[in-house]
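Colleague: I am new to this structure and would like to learn how to read it. Please take me through the features one by one.

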Amino acid sequence: MPRTWPTAFATIAALTIFAAGLFSGGNTLEGWSLAARWTARAGFPIFLATYLASSLVRLAPAPWSRALMRDRRWWGLGFAASHTVHFVALVVATNLNPEPRTIASLVPGGIAYAFIALMALTSSKAAMRALGQNWKRLHSTGIHVIWLIYTLAYAKRIPAPETRAIGIVMTALAITALILRLAARQKRAAPAFA
Ligand code: HEM
């Protein structure tokens, strides 16, 4: 299988879920809103795979975690592709919605999108070489900004009874992922006695 398969998989999954959302709505606005909601949801496991690749290989070295780490770039590009589909859905849903969004409500997501674009554009080995230490700064800041937007988006869903379950599950997953990153960091920092 070509190494790029995670990107193809994430793109096809996002497009399929996008179409399912569009056709499941009772009206046009509901369809586009569902497409926005479901594409964001589908992007979350893809994001987690990218976010956790380096930690999992450190905490649980095995063929599967090494393969995840080796293909991390393609998982990341798959996430960017799935979030591009989210972008199309949210632009149409926002335009159809009679309640206008405030500019302030667009800022956090907009910043995350700027990072997603910059990270996708600099995902090549050539960009890595050209940016040196700044490449690591950009990608590690970006991945945590995306983590934060996901966590806030899901935590925000906890108070309302109809979105509480998804809010709790996804927020718990996001926090567990952060704990795994911190544990892997700790492991790297700890002196080796063996
Ligand atoms: C300015 C940029 C953005 C806008 C305007 C926006 C808009 C939307 C809209 C309209 C929905 C569907 C709401 C609903 O009917 O429930 C949605 C859902 C969501 N979006 Fe975005 N979005 C943006 C960026 C992002 C980014 C960058 C992320 C993640 C990094 C994200 C994560 C989510 C999540 C987690 C959901 C809920 C999915 C679920 O219910 O499972 N959004 N967004």
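Colleague: Which residues come nearest to the ligand?

Modeller: A residue is near a molecule if one of its heavy atoms lies within 4 Å of it. Here 20 residues are around the ligand, and R37, R41, H86, Y154 and R157 come nearest. This is a predicted model, where local features need pLDDT of at least 70 and side-chain atom pairs pLDDT 80 or more, while totals for chains, interfaces and linings use all residues. Numbering starts from 1 along each chain as its sequence is written, and side-chain values use heavy atoms, without hydrogens and water.

Colleague: What classes make up the shell around the ligand?

Modeller: Ala, Val, Leu, Ile, Met, Phe, Trp, Tyr, Cys and Pro count as nonpolar, Asp, Glu, Lys and Arg as charged, and the others, Gly among them, as polar. The shell has 11 nonpolar, five polar and four charged residues.

Colleague: How far from a ligand oxygen atom does a polar side-chain atom of R37 lie?

Modeller: The distance is 2.8 Å for R37, and for Y154 a polar side-chain atom lies 2.6 Å from an oxygen atom of the ligand.

Colleague: Which protein donor does the iron atom of the ligand have?

Modeller: Donors are N, O and S atoms within 2.8 Å of the metal (3.2 Å for Na, K and Ca); water is not among the atoms, so sites may look incomplete. The only protein donor of the iron is H86, through NE2 at 2.3 Å.

Colleague: How is a pair of aromatic rings described?

Modeller: By the distance of the centres and the angle of the planes. Rings of Phe, Tyr and Trp (its six-membered ring) pair if their centres lie within 6.5 Å; planes under 30 degrees apart count as stacked, over 60 as edge-to-face and the rest as tilted. The whole structure has 12 aromatic pairs. F9 and W75 have ring centres 6.4 Å apart and planes at 75°, so this pair is edge-to-face.

Definitions and conventions
Polar contact = N/O pair within 3.5 Å; in protein donor to acceptor, adjacent residues only side chain to side chain.
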